[in-house]
Amino acid sequence: MAFPEDVLTEDEHVVLHLHPHWKAVVRPVLVLVLAVAAVVAGWILLPDGDAAAVALYVLAGLAAVLVLWLGLWPFLVWRSTHYLFTNERVLLQQGVLSRDRRDIPLTRINDHAMSQRFVERLLGCGTLTIESAGERGQSVLTDVPHVDKVQTKLYELVEAHHDKHSLGDGEMREILADVREGKPLRDPSA
């Protein structure tokens, strides 16, 4: 369930690799603890006999189903959800059996906003909304750990990418002066 490094381009590097906040695994852990406690309590408290053995098997089977459904599955969803920020794009990937991936190039990011409810502020997580040019519009990343720092890092990445791929005022003046003088255009990145 690790994020495959082979999806990155040659000059691309990972700046942040996040999963949703750990609060998403609190319920699965509680389900596991309660299921084990119920089976142990049934084993200790049920009297000896065939009926008690059948009841214990039913209780253990129900506990196993609940652990798989309410414990293991949410844990796998949490573990297979990736928020990846690189120097070129934001990659959002989720899915246990099937996989959905969305790439948002930094050049297409128009706006980003964060929100935190009171409990999320206490836990240090929140929601990051990324608005991008294109048909999908907004991407909502829920339960982002340290969402305020992630939003700041995203801003820095967008600005650095913009600065790297655009001309400054001085470079533009030089090019315009060269054009006016009839000099051949040169590659500004050279």
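User: Which residues lie nearest the centre of the largest pocket?
Analyst: T81, Y83, L92, Q94 and V140 do, among the 20 residues that line it. A pocket is an open set of points on a 1 Å grid over the protein atoms alone, where a 1.4 Å probe fits, with protein on both sides within 12 Å along at least five of seven lines. Lining residues have an atom within 4 Å of a point.

User: What kind of model is this?
Analyst: It is a predicted model: local features need pLDDT of at least 70, side-chain atom pairs count only at pLDDT 80 or more, and totals for chains, interfaces and linings use all residues. Residues are numbered from 1 along each chain as its sequence is written, and side-chain values use heavy atoms, leaving out hydrogens and water.

User: Back to the largest pocket. What volume does it have?
Analyst: About 330 Å³. That is the space filled by probe spheres set on the points, with points joined across faces, edges and corners.

User: Which element gives the largest share of its lining?
Analyst: β7, with 5 residues. At least two lining residues each come from α2 (50-79), β2 (82-86), β3 (89-94), β4 (100-105) and β7 (138-145). Helices (H or I, at least four residues) and strands (E, at least two) are DSSP runs, numbered from the N terminus.

User: OK, new topic. How many residues are in the largest nonpolar core?
Analyst: It has 17, and F85, V90, L128 and L154 have the most contacts inside it. The largest share, 5 residues, comes from α4. A nonpolar core is a set of buried Ala, Val, Leu, Ile, Met, Phe, Trp, Tyr and Cys residues joined through side-chain atoms within 4.5 Å. Buried means under 20% relative accessible area, exposed over 50%, and partly exposed in between (1.4 Å probe, protein chains only).

User: What does L154 touch?
Analyst: F85, V90, L106, I109, H112, L128 and I130, leaving out residues up to four places away in sequence. Contact here means heavy atoms within 4.5 Å.

User: Where is D143, and what about its phi?
Analyst: D143 is in strand β7. Its phi is positive, about 55°, although D143 is not a glycine.

User: Is D143 buried or exposed?
Analyst: Buried, because its relative accessible area is 18%.

User: And where does H146 lie?
Analyst: In the loop between β7 and α4. H146 has a positive phi too, near 50°. It counts as partly exposed because its relative accessible area is 48%.
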